[in-house]
Amino acid sequence: MYLARVTGSVVSTQKSPSLTGKKLLLVRRVNDDGAFDGARSLPDEVAVDSVGAGEGELVLVTCGSSARRVFPEPNDAIDQAIVAIVDNVSR
Amino acid sequence: MYLARVTGSVVSTQKSPSLTGKKLLLVRRVNDDGAFDGARSLPDEVAVDSVGAGEGELVLVTCGSSARRVFPEPNDAIDQAIVAIVDNVSR
Amino acid sequence: MYLARVTGSVVSTQKSPSLTGKKLLLVRRVNDDGAFDGARSLPDEVAVDSVGAGEGELVLVTCGSSARRVFPEPNDAIDQAIVAIVDNVSR
Amino acid sequence: MYLARVTGSVVSTQKSPSLTGKKLLLVRRVNDDGAFDGARSLPDEVAVDSVGAGEGELVLVTCGSSARRVFPEPNDAIDQAIVAIVDNVSR
Amino acid sequence: MYLARVTGSVVSTQKSPSLTGKKLLLVRRVNDDGAFDGARSLPDEVAVDSVGAGEGELVLVTCGSSARRVFPEPNDAIDQAIVAIVDNVSR
């Protein structure tokens, strides 16, 4: 999983049926201090929300087949999912 | 998933049977503003279209086993799929 | 698998049920000398602990579906797991 | 999938039984113009040929579990496969 | 798969049961000439040996679920495996 900030959302009408009714959020990797410094060269990703996350929140994103399994079927098109809203990062 | 712009297509006669009759599109990662700036050092990818996408459109691409599952069998060779045409990115 | 140093932990109340009761640790890739020099441009990752690892320890992290399988179900959201505490790296 | 040029081959006697009798080809990522410019910082990969590709040809390479599934069992060790010879890239 | 040089080994007492009795080797990506030049910015990886590889040898490493499948169960924690010792790279 990686730490990310929700920075926006994506709207799509023509999409895989497995994405219908799901929230597609733009996420940007951040470091453990919640800033973008170490991750600024990485483009944003789009993750499907599973925990009620909103814009500006610090979240955990999981990738690959694990992201798909977080959702009931049909879930085929999903390869990134927001699986936690972060309360606190302790270092 | 990642945001990408469709930049072209690939023609192949000698290919895996699971790619027969499928549209192979060149896609280039973009940032949330639809531009290439943050992603310019990444080479293009080739994704199989599942939503009727065309050149120049902004799309969502999914990777790995999730991409394969978007298509009925035979789908073995597929590891990247276009799963949505993006109407709008809100930031 | 990759070598990493545990640098902190993440607390989350609102999360995937499959993460309940699990320790979410911040990990940072290191080279074979345990230093960060070659890996400094990579952002931290968050891995689920399976071996009782603590802050400051040198560990091995596994990724993808293998990380998920290290835990009994429900384990859906897991895509990175700490699977070993390193005693020694011999070069 | 990604576009690559076949640049050589790898010979190995001591290998996983699932690689016996298979052609192991060196592949180097290229951009849509068939050149190496945008991809020059990436090291070569080794992919198993499934379509009769030869040195110098422009090919499509698929990754992960999809690459494995392109071959009948035993196919366990395969994580990258050449799945198409490219006739033409249209941009 | 990728070409790598075995550069050392990792010793761990406290680890996933699926790693017991297995050889954990440090591997460093190399280019097709066996040198590190193009790959020097990548940190080392740790792969489980399946072919009797030793320090200094040029090997092929496979990733993901394919790496896991190279070993009989229990193999859960494995996401990278050495699957071939390279005799020769022809370019």
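A residue is taken as buried if 20 or more other C-beta atoms lie within 10 Å of its own, as exposed if 12 or fewer do, and as partly exposed in between, with C-beta atoms placed from the backbone. The structure is a predicted model, in which local features need pLDDT of at least 70 and side-chain atom pairs count only at pLDDT 80 or more, while totals for chains, interfaces and linings use all residues. Residues are numbered from 1 along each chain as its sequence is written, and chains are lettered from A and ligands numbered from 1 in the order in which they are written.

Chain A contains one helix and six strands, where helices (H or I, at least four residues) and strands (E, at least two) are DSSP runs numbered from the N terminus. The order of these elements from the N terminus on is β-β-β-β-α-β-β. The radius of gyration of chain A, 13 Å, is close to the 12 Å that the globule rule gives for 91 residues, so the chain is as compact as a globular protein of that length; the radius is taken over C-alpha atoms, and the rule is 2.2 Å times the number of residues to the power 0.38. The C-alpha trace of chain A spans about 40 × 20 × 20 Å along its principal axes, and 54% of its 91 residues are buried. Of the contacts in chain A with a separation of 6 or more, 56% are between residues 24 or more positions apart, a contact being a pair of residues whose C-beta atoms, placed from the backbone, lie within 7 Å.

Between chains C and A, 24 residues of chain C are in contact with 28 residues of chain A. On the side of chain C that touches chain A, the elements giving two or more residues are β1 (2-11), β3 (45-49) and α1 (65-69) of chain C, and β1(C) gives the most, with five residues. Strand β6 (residues 88-90) of chain A pairs with β1(C) in the antiparallel sense over three bridges, pairing being assigned if DSSP finds at least two bridges between two strands. Within this pairing, A:N88 has C:V11 in β1(C) as its bridge partner.

Chain C is superposed on chain A by a rotation of 72 degrees with 0.0 Å of shift along its axis (RMSD 0.0 Å), which is the relation of a five-fold axis; copies are superposed by least squares on the C-alpha atoms of residues with pLDDT of at least 70 in both. Only 8% of the interface residues of chain C are also interface residues in chain A, so the copies meet through different surfaces. Chain A and chain D do not touch, their nearest C-alpha atoms being 11 Å apart.

Methods: Two residues are in contact if their C-beta atoms, placed from the backbone, lie within 7 Å.
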